[in-house]
Structure formats: C-alpha cells, structure tokens
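Me: I'd like to go through this one term by term, checking each label against its cut-off. Can you take my questions in turn?

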Amino acid sequence: MEEKVRFYTKRYGSENRYRGLMSRATGSLEDGPYDAIHVGAAAPTMPAALVEQLARPGRMFIPVGDAAQQIIQVDKDVNGVVTETPLLEVMVSCGLLTIP
C-alpha cells in the first residue's frame, strides 16, 4: 500500500496525503484539507464535515443512503463550489458491498 501512495503522490503531485482510519463521519479536521477522500462505509446523509475538509480542488467518493444507497462523487472546485454526482447504486450489508 505504501508503494502505491508514493507512486500516486509523485505522479499527481499531491502534497497532502493521509492514510488512516476514522471512526466518525467528522473526519480529521487537524490534518485537512484533503485532495481526496474515500469513504468505505455508507452514511445515511452526506456528512457536511467531510465535504468541508476537501481541498480546493478536491474529490470524495462516498456511499450515501439507508435502504437505497448510491456511490456519490463529490467535487470541490478551486472556488469552493461543490458538485455531487451519483455514480452507482449499491447495497452495503454486513460490511460487504454488492451491486444490485
């Protein structure tokens, strides 16, 4: 994993990289803003705290929803304008991601 982080950091010039686990939807304010955020567990609604922690520009992928869930791509442009794009319908059950 560490090799991949170094490869993509060098390739795309990302200065702010953080690899770790967060147990809350609030993220880690003291370490942000982040160029990219990938959330592995579904949130019932879009966590505003994570959107706030995106860099300008920045991108996040997150599953959102209760019974019906979607992978949402969240983009923040250089001016701080946020765009949410639904990519894929999914169901997360017992920690396993399935595509309906």
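Reply: Let's start in the strands: alanine 36 stands opposite arginine 59 in β2. This is a predicted model, where local features need pLDDT of at least 70 and side-chain atom pairs count only at pLDDT 80 or more, while totals for chains, interfaces and linings use all residues. Residues are numbered from 1 along each chain as its sequence is written, and side-chain values use heavy atoms, with hydrogens and water left out.

Me: What makes β1 and β2 a pair?

Reply: Two strands pair if DSSP finds at least two bridges between them. Here 4 bridges join β1 to β2, so they qualify, and they run parallel.

Me: And how do you know that β2 pairs with β3?

Reply: By the bridge count again: β2 and β3 have 7 bridges, in the antiparallel sense. Among the partners, glycine 58 goes with lysine 76 of β3, and valine 64 with glutamine 70 of β3. The hairpin of β2 and β3 has 4 residues between the strands, and glycine 65 takes a positive phi near 130° there.

Me: What counts as a helix or strand here, and how many are there?

Reply: They're DSSP runs, numbered from the N terminus: helices are H or I with at least four residues, strands are E with at least two. On that basis the chain has 2 helices and 5 strands, in the order α-β-α-β-β-β-β.

Me: Why is the contact between arginine 59 and aspartate 75 called a salt bridge?

Reply: The term needs a side-chain nitrogen of Lys or Arg within 4 Å of a carboxyl oxygen of Asp or Glu. The closest N and O atoms of arginine 59 and aspartate 75 are 2.5 Å apart, so the pair meets the cut-off. Arginine 59 sits in strand β2 and aspartate 75 in strand β3, 16 residues apart, so the bridge links distant parts of the chain. A search of the whole structure finds 1 salt bridge.

Me: What makes glycine 32 partly exposed?

Reply: Its relative accessibility is 27%, so partly exposed is the label. Glycine 32 lies in the loop between α1 (2–12) and β1 (34–38). Glutamine 53 is 21 residues from glycine 32 in sequence, yet their C-alpha atoms are 5.7 Å apart.

Me: How do you know that β3 is largely enclosed?

Reply: Of the 8 residues in β3, 7 are buried, so the rest of the structure largely encloses this strand. For the chain, buried residues make up 29% of the 100 residues.

Me: What makes a group of residues a nonpolar core, and which have the most contacts inside the largest one?

Reply: The group must be buried Ala, Val, Leu, Ile, Met, Phe, Trp, Tyr and Cys residues joined through side-chain atoms within 4.5 Å. The largest such core has 13 residues, and those with the most contacts inside it are Ile37, Val39, Met46, Met60, Ile62, Ile72 and Val74. At least two residues each come from β1, α2 (48–52), β2 (54–64) and β3 (69–76), with β2 giving the largest share, 4 residues.

Me: Which residues does valine 39 contact beyond its neighbours within four places in sequence?

Reply: Contact means heavy atoms within 4.5 Å. Those neighbours aside, valine 39 is in contact with Leu50, Met60, Phe61, Ile62 and Pro63.

Note on methods:
Buried means under 20% relative accessible area, exposed over 50%, partly exposed in between (1.4 Å probe, protein chains only).
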